[in-house]
Amino acid sequence: MDYKKAIISLSCEAKHETNEILRMSEYNPSNIEPKWQSYWLENKTFKTDDADRSRPKFYILDMFPYPSSAGLHVGHPEGYTATDILARYKRMKGFNVLHPMGWDAFGLPAEQYAVKTGTHPRVTTQYNITQFRRQLQAIGFSYDWDREVDTTDPAYFRWTQWIFLQLYHQGLAYEASVPVNWCPALGTVLANEEVIDGKSEVGGFPVIRKPMRQWMLKITAYAERLLNDLDELDWPDSVKEMQRNWIGKSVGADVRFDVDGHDEVIEVFTTRPDTLWGATYMVLAPEHPLVDVITTSEQRDAVEQYRKDASLKSDQDRTDTRKKKTGMFTGGYAVNPVNNARIPVWVADYVLISYGTGAIMAVPGHDERDWEFAKTFGLPIVEVVAGGNVEEAAYTDNQDGVLTNSASTGISLDGLNVPEAKKRIITWLEEQQKGRGTVNYKLRDWLFSRQRYWGEPIPIIHVDGQPKPVAESALPLELPEVEKYEPSGTGESPLATIEEWVNTTDPETGKPARRETNTMPQWAGSCWYYLRYISPDYELGPVDPEKEKYWMPVDMYVGGAEHAVLHLLYARFWHKVLYDLGVVSTKEPFQRLVNQGMILGEMEYTLFKDADGAYLSPDQAERYDGEVQRIKLTDEDIEKTSTGFALKTDAVQKYGLSEAAAGTYVIEARSYKMSKSRGNVINPDDVIKEYGADALRLYEMFMGPLEQVKPWSMRGVEGVFRFLKRVWRVYVDDRTDELNADLVDVEATRDQLKVLHETIKKVTEDIEGGRYNTAISQLMIFNNEAMKWEQKPKSVMNTFLVLLSPFAPHIAEELWSRLGNPNTIAAENWPKFDESYLVADAFTYAIQVNGKVRGTLELPADKATDKDLVLSMAKAEPGVAKYLAEGNIVKEVFVPKKIVNFVVK
RNA sequence: GCCGCAGUGGUGGAAUGGUAGACACGAUGGACUUAAAAUCCAUUGACCCUCAAACGGUCGUGCCGGUUCGAGUCCGGCCUGCGGUACCA
């Protein structure tokens, strides 16, 4: 159609339509993106070839999402885009790439929704998965969709249950009575995150600690290996450090104290056995079984009252270090094994039953907590390590201090430093059979049961009150259908209410049996999903061993920092168990880990006022007791001051503030975490609708370094969208929708090749280094140059599309095919750069005098390395000579092709 | 408190110890347009000098100090923010 005639024929009223017509051949992602997405799916472009062992493998894994009803969030595509770029790049580099996606689909929200509406969680979950899959496909991710896994699929959790049985057989799964968050008013057990300040999140009812029978996994048996094997991993230091702290290894000794007047022993764990002579009292945790034995009749009522009070306190309250220490004397005494001193035994809740032996020897001179307790209750403080003043504070140095007051018959530590003293006393304790060197971990066994419906059933039956594993051949053990999802009211899971399911018979003995009604926590499914992707249909085990050997370990694992400890530690634990069983061939699952930073909402400018409408500074607003008015400002209302942002003078009146104080109204400028309640959530669908998936991908990467926290900006999205439009116009004539006439089959000039090869180099190195933002800026630099070329060699312009394709695959495919290339660009080889094009013809020297730049000097490449020539020319520079004349040159620094510095005095 | 990370223009950010601010956003001015949008061009760290511009100069990467011919970058000490953890004996 002749577009000019068409425009002329249109009436004035329909003018906006002319824009539509003009735009038809402009870059329009909604025309091209769905087309290429279907092409990739239909042609299985990204299907991983399992049989191919000729190429090196590369396993790129994303942390799979929980498919929530809210849909995808812009935080998800951040990491997913980074891994997708890497996956597309590695394929072009000749790697056999495994890049799968799936769903961590068990979880509380679907169950809560079921309680409210009666909808089966399976229905909700499947619907949400469909939404998530559609959204991910609309971003053009190159997953092999034939490998999708779903943790709620019986074919999947069959193997989750199988792994549980292996843990059970290894003695790593056991039952124990453990306190849970019991809410009598709701008749249910609550997860930690459902309890706020000791009250239920729903309804605000009191929550108490109630012991219940639970399944535990003995992760502590692997503590040492989980700690040591961290060293080999290419993970962020912060994550490794968090895991080390979580495992919390401490080396010390168990010491036995005889109880005076009873045939009992109090065993304590201490990291400071060298301070035994300073132990002036002992403390038992309120739950310690010896409390009953030791307490004298005079003290019994008081101690019982104290224990009762402590049991009512939440863990939070008990471990709040700001509160004053509490405790009660039991009336009993213990005997210090080093000097037979008779020391009082107290009960206090600052000692935790769950760590060490639940009892301590208190050394107030050299432990801050004991010191505080001793001061509170007037207990004696003895100095046994010289160097501080124990009357004023505990002296806790454990390196340089010298032992004192530490001698008894047959043993003396006096004069030794702390490390030597520790060794000596441990040897002595072992000889005397009063104790031994031990190691303790903060890490606790993993509470593995949940009193919920929507989780993997634990494959155990109880016969004659004893647990008995379900046969492997009977797996998967599926969830029964239920009528309602409300909790049972007894604290047990809703499964407990289904009599016909709970009551069964032991297939071996025919005896009546009761099924386990607890289900597994959400962590279970995510502990091994990376293995299932390798052989998602394998029937003989969780993973095909031959394929496992080829693909493992995961070469790159990207996800949020919130999983730094628990998910990654649990998954490592299961992996090590599977390693010991010979199911997997590597000690560790994830060789390299990267955490993406959180994406915050758009920057917000806020003016604060108090309830009466008077101005509040951000600091005042934070401390203000009443209702703070928050007034959102726009860019026009604010100006930058030397210290921050303030209300512009001409906007002061608009917000009803006194003009006399104009210029002093400091406002808050910050971006907040995206949240529904704040209303600053960005939906990727909306971004795609307006700017396309390529712009979304590009912006997510261009924002800044992947690991960093960064605020969203719609204007930034527009910026990369404009870049894509410019790329489009370099290739396509937007009046005719044909290829531009200046794209021709000519030999590239040296300058063109130089920019191209610089771009190949930079983009290649930046992808390898995970610096996607600077790779994109180099692509922009190339395009800015190419726009200026009168003739654009097709060879160069083809190569550029290959470089662009991992970042913006849809536009790259479209232009690639318009250039007449018959196959998908994804099948191309990644270009190599040629150093010879990168050599500069000329170099610019910065000429410094005393470190300050006083001039520049441009020299052709052949002269630039001639030191004498460069120095003499540098001295002759007019701007430089002036400064040289101020003194004598005492030193000449010459850095070839870069800089000259004269030191003048 | 302890552990980890980070502080660079109005904004996001870039810089193997070698000309700080690449690439973008925003802003300002201009071109095109009846107009707007889109697009293109130019300027854009602060300050001083100047009628103005050019030229030039001073300062400038959270703060104080150090190493170096030369420090955003390395070292020491602080401050602030973010994340984790918290009576773990």
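Is Gln166 buried or exposed? I looked up the area: Gln166 is buried, at a relative accessible area of 11%. For my own record, buried is under 20% relative accessible area, exposed is over 50%, and partly exposed is in between, with a 1.4 Å probe and protein chains only.

Ground rules before I go on. I am reading a predicted model, where local features need pLDDT of at least 70 and side-chain atom pairs count only at pLDDT 80 or more, while totals for chains, interfaces and linings use all residues. Residues are numbered from 1 along each chain as its sequence is written, chains are lettered from A and ligands numbered from 1 in the order in which they are written, and side-chain values use heavy atoms, with hydrogens and water left out.

Back to Gln166. I find this residue in helix α7, residues 154–169 (helices are DSSP runs of H or I, at least four residues, and strands are runs of E, at least two, numbered from the N terminus). Setting aside neighbours within four places in sequence, I get Glu472 and Leu581 as contacts of Gln166 (contact is heavy atoms within 4.5 Å).

Next, rings. I count 46 aromatic pairs, taking Phe, Tyr and Trp (its six-membered ring) with centres within 6.5 Å; planes under 30 degrees apart are stacked, over 60 edge-to-face, the rest tilted. Tyr156 and Trp528 are a stacked pair, 4.5 Å centre to centre with 20° between the planes. Tyr156 sits in helix α7 and Trp528 in the loop between α16 (523–526) and α17 (529–532), so this pair ties together parts 372 residues apart in sequence. Both partners are buried. I also noted Tyr529 and Tyr530, which pair edge-to-face at 6.4 Å and 80°; both are buried too. Ring pairs also join up a cluster, including Phe164, Tyr168, Trp215 and Trp574.

Where does Lys90 lie relative to Phe58? I have Lys90 over the ring face, 4.4 Å from its centre (the rule wants NZ of Lys or CZ of Arg within 6 Å of the centre and within 35 degrees of the ring normal). Arg515 lies over the face of Trp501, at 5.4 Å.

Last, cores, meaning sets of buried Ala, Val, Leu, Ile, Met, Phe, Trp, Tyr and Cys joined through side-chain atoms within 4.5 Å. The largest nonpolar core has 156 residues, and Tyr529 is among those with the most contacts inside it. Helix α23 (residues 714–731) gives the most to this core, nine residues. Beyond four places in sequence, Tyr529 has contacts including Leu61, Phe64, Tyr156 and His567. I also logged a second, separate core of 53 residues, with Val259 and Ile426 among them.
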